[in-house]
Amino acid sequence: MSPHHPTPAGDPAVVGPHDPEHDPRASYALEPEYVAALTDRLVATSGQTAGVRSPLNDAPLAHVPQSTMADVTEAFGRARRAQVAWARIPVEERQRALLRLHDLVLDRQDEIIDLIQWETGKARKHAFDEPLHVALTARYYGRTAHRHLAGERKLGVVPGLTRVEVNRVPKGVVGIISPWNYPFDLALIDGIAALVAGNAVVAKPDAQTMLSALLGAELLEEAGIPGDLWQVVAGPGAEIGGAIVERADYVCFTGSTSTGRSIARACAERLIGCSLELGGKNPLLVLRDADVEKAAEGAIRASFSNSGQLCVSMERIFVADQVYDRFVERFVARAQALTLGSTLAWGNDMGPLISQAQLDTVTAHVEDAVAKGARVLTGGNARPDLGPYFFEPTVLEGVSPEMACFGQETFGPVVSLYRFHDEADAVARANSGEYGLNASVFSEDRARARLIARHLRCGTVNVNEAFAATFASLDAPMGGMRESGLGRRQGAEGVLRYTETQSVATQRLVRFGPQLGMSDETYAKVMNANLRLMKRLGRA
Ligand code: NAD
């Protein structure tokens, strides 16, 4: 079914805070039948709905049914029942469903990208990254999960007589709580790994971007994942998200550090595990031997992809004295050349921010910095003439510790430039603050850049690239150090987090205790002699 309404979307008459239910001028951007087919997947019986508008043009998009606590309980009940059968299916069969998902996502990518754009406002080229990353993840686990999840033989205590295997047992039902910035991608990639490990999922996507996440659920079912295995609920974060944390066997959360901290506390109380993918204030280093043009191009992608609303975005750029002026000239020129627009077409470099709240934060950070003496090299302004939440790509110089944007995550198109003389000092400044998610180093001496990377306290470091090199290298773990997170997605760690290890030891011939009528004392002596012998033989 096509998502689009036959009447042109974005009727300027609907701009403004109207209640679409009672607004005769309202023109819905999406076909109501299309929206209903998606929202029908929700477990939501409250009778309440939440209205969602598009940041592209402020037109109403959907009324999303809201879940109750009882709905969350029902979702977990269905998921638990489905999980029992799913866990018995061979992992290779579960992998085949992921490979079918890979193809479906590529086949239906235009529809996926349109929907992401309507919900988030992002430029088409950045919306494209979402199905791309989901397909990569589906293919990666579709091809490798059996290796990660295979049981392992371990050393037994009595050589040849104690056989030990370690199994990987699914946790059960995994709660996935995801944000709005990459709504299709982040609703799916962590859950795919949970599914292939034999778990069920109850997902709570962000309220602004439920439809993209629900389209993901539809594609999973088409790919052959049993319907009840992937439940979706909707509602306020603290309430419905909290209900998920209270019922899940494991929680995977992506979002802000403050919410992540409260989820970690709740999980600790229940003695369940969680992985947390949180915020960042990511540094990019341009070393004295960097290719300045390449660094400026990379820094643009690093700072302004998805209008800076990206956890791995760069908000601090440290540039070596020797290349500072040339880099700034190239970087600012490129920032000024970016095209801003709110259409579904290819060609725009940046769309609007997602909401008034995001615009308020970005504006406040820039105003605060300017009031305290920072210089705006380009940008610095909201652009209501282009659409409701546009903000120009903004480059600041002279940012100092008393300014909010020095250490706090802006999560918008605002980046600060800092000059350095000494690389050790640049590394120390890059490592300052509480975050440690992603970093980037530009240098023509790649070996030296990799050496510097080892000193950066970030979970991922990209050499001569912004973030995509690590984010798309699915075989390597991705996640944050310090207040940027706990645990890792991607690679073996990304799937093993959803399992418990179970050790099975099979004993034959000798048993653990006195044998053949020997006394306890004789048994102790025999065991001591054995221990000494084993050490002499070099056994672990
Ligand atoms: P947020 O923490 O406000 O919300 C994220 C999700 O958590 C939403 O679904 C929300 O409804 C839910 N939620 C809110 N309060 C909750 C609670 N008390 N209990 C349970 N769930 C709750 O974050 P946000 O502002 O929407 O997202 C932006 C943040 O996410 C940024 O800080 C960004 O850096 C971070 N992020 C991190 C990654 C990563 O991989 N590290 C990726 C994307 C975004």
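Reply: Happy to! Axes here are lines fitted to C-alpha atoms, for helices over the stretch in contact, and the angles run from 0 to 180 degrees between N-to-C directions. Keep in mind that this is a predicted model.

Me: What describes two packed helices?

Reply: Two packed helices are described by the angle between their axes and the distance between the axes. Let us start with helix 1 (residues 32-39) and helix 7: their axes cross at roughly 65° and come within 9 Å. Angles of 65 to 115 degrees count as roughly perpendicular, and that makes helix 1 roughly perpendicular to helix 7. The crossing of helix 1 with helix 7 is left-handed.

Me: Which residues of helix 1 and helix 7 make the contact?

Reply: From helix 1 come Tyr34, Val35, Leu38 and Thr39, and from helix 7 come Leu211, Leu214, Leu215 and Glu218. Sorted by class, that contact of helix 1 with helix 7 has six nonpolar residues, one polar and one charged.

Me: At what angle do the axes of helix 4 and helix 7 cross?

Reply: Helix 4 (residues 109-120) and helix 7 (residues 210-222) have axes that cross at roughly 160° and come within 8 Å. Angles over 145 degrees count as roughly antiparallel, so helix 4 and helix 7 are roughly antiparallel to each other. On the helix 4 side, the contact is made by Glu111, Ile112, Leu115, Ile116 and Glu119, while helix 7 brings Met210, Leu211, Ser212, Leu215 and Leu219. In this contact of helix 4 with helix 7, seven residues are nonpolar, one is polar and two are charged.

Me: And are helix 5 and helix 6 roughly parallel or antiparallel?

Reply: Look at the angle again: helix 5 (residues 124-149) and helix 6 (residues 185-196) pack at about 15°, and their axes are 9 Å apart. Angles under 35 degrees count as roughly parallel, and therefore helix 5 and helix 6 are roughly parallel to each other. Their crossing is right-handed. Helix 5 uses Glu130, His133, Val134, Thr137, Ala138, Tyr141, Ala145 and Leu149 to meet Asp185, Leu188, Ile189, Ile192, Ala193 and Val196 in helix 6. The contact of helix 5 with helix 6 has 10 nonpolar, two polar and two charged residues.

Me: Now for single residues. Is Asn438 buried or exposed?

Reply: Buried means under 20% relative accessible area, and Asn438, at 0%, is buried. Asn438 lies in strand 15 (residues 438-442). Its side chain reaches the backbone oxygen of Val312 at 3.1 Å. Leaving aside residues up to four places away in sequence, Asn438 touches several residues, including Asn282, Pro283, Met314, Cys458 and Phe467.

Me: What is the relative accessible area of Gly237?

Reply: Gly237 has a relative accessible area of 43% and is partly exposed. You will find Gly237 in helix 8 (residues 237-247). With residues up to four places away in sequence not counted, Gly237 touches Lys204 and Gly242. Gly237 and Lys204 are 33 residues apart along the chain, and their C-alpha atoms are separated by 8.2 Å.

Me: How many residues apart along the chain are Asp103 and Val370?

Reply: Asp103 and Val370 are 267 residues apart along the chain, with 49 Å between their C-alpha atoms. Asp103 sits in helix 3 (residues 91-107), and at 43% relative accessibility Asp103 counts as partly exposed.

Methods:
Residues are numbered from 1 along each chain as its sequence is written. This is a predicted model: local features need pLDDT of at least 70, side-chain atom pairs count only at pLDDT 80 or more; totals for chains, interfaces and linings use all residues. Side-chain values use heavy atoms; hydrogens and water are left out. Helices (H or I, at least four residues) and strands (E, at least two) are DSSP runs, numbered from the N terminus. A crossing is left-handed if the near helix is turned anticlockwise from the far one by less than a right angle, and right-handed if clockwise. Contact means heavy atoms within 4.5 Å. Ala, Val, Leu, Ile, Met, Phe, Trp, Tyr, Cys and Pro count as nonpolar, Asp, Glu, Lys and Arg as charged, and the others, Gly among them, as polar. Buried means under 20% relative accessible area, exposed over 50%, partly exposed in between (1.4 Å probe, protein chains only). A polar contact is a pair of N or O atoms within 3.5 Å; within protein, one must be able to donate a hydrogen and the other to accept it, and residues adjacent in sequence count only if both atoms are side-chain atoms.
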